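Dear colleague,

Please find below the structure that I am handing over to you. My notes on it follow directly after.

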Amino acid sequence: QLYGEFDENTHEWTDGILCTLYRNCVKEYTELHREDRQWLIFDGPVDALWIESMNTVLDDNRKLCLVSGEIIQMTPCMNVIFEVEDLAVASPATVSRVGIIYMEPVSCVGTAAQ
């Protein structure tokens with residue numbers, strides 16, 4: 001799970017990968033006073049379900065809002081990058097929140113595109 005999941009039987013929240021990474025970045029910034037850049041890089045296809053949940057991360061609020069009701073604020077040092085093939089399933093709201101750099105497939109290193 002990317003964000004985490006809520007167990008209906010036990011009523012317990014289990015952190016997902018993104019939630020764990022967020023917590024670690026915030027801890028390094030607040031408790032260890034690290035101020036070097038922290039990068040969260042998503043490499044793969046965009047899924048309509050998870051990308052819509054990133055809208056509060058991508059807008060001026062810069063907050064990860066979890067289904068559990070918890071909100072984790074990004075630190076000033078945190079950055080998010082998405083390397084995707086296309087944004088076909090992303091909503092206009094999501095697309096308007098990101099800066100886009102388009103690269104022709106033939107100019108990308110390691111591709112066999114023609």
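Is Cys 108 buried, partly exposed or exposed? The model is a predicted one, and in it Cys 108 has a relative accessibility of 25% and therefore counts as partly exposed, since buried would require a value under 20%. Cys 108 belongs to the segment that follows helix H4 (92-95). Its C-alpha lies 34 Å from that of Gln 73, and 35 residues separate Cys 108 from Gln 73 in sequence.

Overall architecture

The protein chain contains four helices and six strands. Their order along the sequence is β-β-α-β-α-α-β-β-β-α. Taken along the principal axes, the C-alpha atoms fill a box of roughly 50 × 35 × 25 Å. The chain has 114 residues, and 25% of them count as buried. When contacts between residues at least 6 apart in sequence are considered, 56% join residues at least 24 apart.

In soluble globular proteins, nonpolar side chains tend to be buried together. Here, the largest nonpolar core comprises 19 residues, and those with the most contacts inside it are Tyr 3, Leu 18, Tyr 22, Leu 40, Met 54 and Leu 64. Two or more residues of this core come from each of helix H1 (17-30), strand S3 (38-43), helix H2 (48-52) and helix H3 (55-58). The most is given by H1, with four residues.

With residues up to four places away in sequence not counted, Met 54 touches Tyr 3, Leu 18, Phe 42, Val 80 and Phe 82.

Aromatic residues

Three aromatic pairs are present in the structure. In one of them, Phe 42 and Trp 50 are stacked, with 5.5 Å centre to centre and 20 degrees between the planes. Phe 42 has a relative accessible area of 12% and so is buried. Trp 50 is likewise buried, because its relative accessible area is 17%. Together with Phe 82, Phe 42 and Trp 50 form one aromatic cluster.

The largest pocket

The volume of the largest pocket is about 1,000 Å³. Its lining consists of 31 residues, and Phe 82, Glu 83, Val 84, Ile 100 and Ile 101 lie nearest the centre. S3, H3 and strand S6 (78-83) are the elements that give two or more residues to this lining. S6 gives the most, with six residues.

The loop between S5 and S6

Two residues in the loop between strand S5 (71-73) and S6 may be of interest to you. One of them is Thr 75. Thr 75 has a relative accessibility of 5% and therefore counts as buried. Leaving aside neighbours within four places in sequence, Thr 75 is in contact with Cys 25, Val 26, Tyr 29, Gln 38 and Arg 62.

The other is Cys 77, which lies in the loop between S5 and S6. Cys 77 counts as buried because its relative accessibility is 8%. With neighbours within four places in sequence left aside, Cys 77 is in contact with Tyr 29, Glu 35, Asp 36, Arg 37 and Gln 38. As for Asp 36, this residue is 41 residues from Cys 77 in sequence, while their C-alpha atoms are 6.4 Å apart in space. Tyr 29 and Gln 38 are contacts of Thr 75, and Tyr 29 and Gln 38 are contacts of Cys 77 as well.

His 11 is a residue other than glycine, yet its phi is near 60 degrees. His 11 lies in the loop between strand S1 (4-7) and strand S2 (12-15). With a relative accessibility of 56%, His 11 counts as exposed.

Arg 62, which is not a glycine either, has a positive phi of about 50 degrees. Arg 62 is placed in the loop between H3 and strand S4 (63-65). The relative accessible area of Arg 62 is 28%, so Arg 62 is partly exposed. Arg 62 is also one of the contacts of Thr 75.

With kind regards

Notes. Residues numbered from 1 in each chain as written. Predicted model: local features only at pLDDT ≥ 70, side-chain atom pairs only at ≥ 80, totals over all residues. Heavy atoms only, no water. Core = buried A, V, L, I, M, F, W, Y, C linked by side-chain atoms within 4.5 Å. Buried < 20%, exposed > 50% of the residue type's maximum accessible area, 1.4 Å probe, protein only. Contact = heavy atoms within 4.5 Å. 1 Å grid on protein atoms, 1.4 Å probe; cavity = no way out; pocket = protein on both sides within 12 Å on 5 of 7 lines; lining within 4 Å. Points joined across faces, edges and corners; volume = space filled by probe spheres on them. Phe/Tyr/Trp six-rings, centres within 6.5 Å; stacked < 30°, edge-to-face > 60°.
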